[in-house]
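Colleague: Could you walk me through how to read cavities and helix packing in a model like this one?

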Amino acid sequence: MLAQPASGPTPLYKILPATFLASVSGGAFWSAIFFVTAHAFAFTSARNLALAAVMGVAYIGGALASAPVTRKLARWACVRAVMIGALWTWGAFACVPLLLAPTWEPSLWIAAIGGSFTSALLWPMMESYLTAGRHGKAMRQAMGRYNLTWTSSVAVPLLLMPVVARWNVLACLGLSAGFNLVSGLIVMSFAAAPAHHDEASSQQSVGREYLHLARATTWLLPCSYTICSALSPVLPGVLRDLGMSATLAPMWASTWMVARFFTLIVLWRSSFWHGRWPPLLFGAVTLFSGSALALAAPWPWLCVCGLAAFGCGMGVLYYTSLYYSMSVGQAQVDAGGKFEALVGVGYVIGPGLGLASFANPAVMSPVG
């Protein structure tokens, strides 16, 4: 029997702490992991790209499976229970390299693939709880707080790495277990299923251009994550070649995340972008130009400027894409799953393109 939805939207004071904690794990798996592999297993930039591509395939699978899994398990488990299971399974995978075999490289691949799949199961459900029962301004305000929450937390593993790595660099992944455990405890306070999302109210809140903008973001969002997923695995090598120390490089690498954070604040507190095309153009321009500058910069400060511009583009394209997707898709888990699958497409294509650039063996040197 299907679980009854909540009578009203899930309170943000429950969603945001759960999101923050789970997003710390997300940062460990999609940014810090490439520094971990570089230092613990001497991965080259090319091997990091291969790992990222495999993780992207797993992420697409998890995102597309999220809604079918919740429907398939509906007779035995509510949406809330599936979320908790995904969180705690994700945390268990994160502990595999630390506890099972710290020097056995396949343990890292098991953790990366399993963690990517289970994290992708989680986020469409979280996004449905966030948006279901909210329309128009209420949805945008909730998304603003949600986006600020997760973008501020994904940088935490990079910032903690200089401290944690002194004990064991693999612990940067193992931290996910603790964060996900507490996040799951918070999710226990959620309703059994996301709130009812009134179709009439939803249609009144969807602007005339929303459907077209949503379709445009189905191309721009994968582009943004294509570049992001190609950039993150090679950043350790790029920053090393510019003379940055291995200790400080992770912190400088988080520059784009900081820029994305402040971009999201602007979008949250403003209305000029609602239903308009120029913000998408701005996001695309800063995304492409910033990433190119970061990779080609001859000086460290110019690389950091490129990362900042790239972060602005990431922020614009993510926020607008999530808003238009969930508005048009009426806050369903399926809508969140399609949105996250588009992210996963970028996670696969980006590293694939990056690997193509490593046809010259001379550039395939260790990033650690």
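**Cavities and a helix crossing**

Modeller: Happy to, and let's begin with a lining: by class, the residues around the second largest cavity are seven nonpolar, two polar and no charged. Keep in mind that this is a predicted model.

Colleague: Which residues line the second largest cavity?

Modeller: The lining is made by Ser 31, Phe 35, Leu 158, Ser 232, Leu 235, Pro 236, Ala 253, Trp 256 and Met 257. The space inside is about 50 Å³.

Colleague: Which element supplies the largest share of that lining?

Modeller: That is H10, with three residues. At least two residues each come from H1, H10 and H12.

Colleague: Which residues lie nearest the centre of the largest cavity?

Modeller: Look for Trp 30, Trp 150, Val 154, Tyr 225 and Tyr 347, which belong to a lining of 25 residues. Two or more lining residues come from each of helix H1 (12-40), helix H2 (45-72), helix H5 (105-131), helix H6 (136-153), helix H10 (210-241), helix H12 (255-268) and helix H15 (333-356). H1 gives the most, with six residues.

Colleague: And how does the lining of the largest cavity divide by class?

Modeller: It has 15 nonpolar, seven polar and three charged residues. For the second largest cavity, recall, the lining has no charged residues.

Colleague: Now the helices. How should I describe a packed pair?

Modeller: Two packed helices are described by the angle between their axes and the distance between those axes. Take H1 with helix H7 (residues 156-164): their axes come within 7 Å and cross at roughly 60°.

Colleague: Why do H1 and H7 count as oblique to each other?

Modeller: Angles of 65 to 115 degrees count as roughly perpendicular and those under 35 degrees as roughly parallel. The crossing angle of H1 and H7 is roughly 60°, and the two helices are therefore oblique. Their crossing is right-handed.

Colleague: Which residues make the contact?

Modeller: H1 brings Phe 20, Val 24, Gly 27, Ala 28, Ser 31, Ala 32, Phe 35 and Val 36, and H7 brings Val 156, Pro 157, Leu 158 and Met 161. By class, this contact has ten nonpolar, two polar and no charged residues. Ser 31, Phe 35 and Leu 158 are part of this contact and also line the second largest cavity.

Conventions. Residues numbered from 1 in each chain as written. Predicted model: local features only at pLDDT ≥ 70, side-chain atom pairs only at ≥ 80, totals over all residues. Heavy atoms only, no water. 1 Å grid on protein atoms, 1.4 Å probe; cavity = no way out; pocket = protein on both sides within 12 Å on 5 of 7 lines; lining within 4 Å. Helix = DSSP H or I, 4+ residues; strand = E, 2+ residues; numbered from the N terminus. Nonpolar A, V, L, I, M, F, W, Y, C, P; charged D, E, K, R; others polar. Points joined across faces, edges and corners; volume = space filled by probe spheres on them. Axes fitted to C-alpha atoms, helices over the stretch in contact; angles between N-to-C directions. Parallel < 35°, antiparallel > 145°, perpendicular 65-115°, else oblique. Left-handed = near helix turned anticlockwise from the far one by under 90°. Contact = heavy atoms within 4.5 Å.
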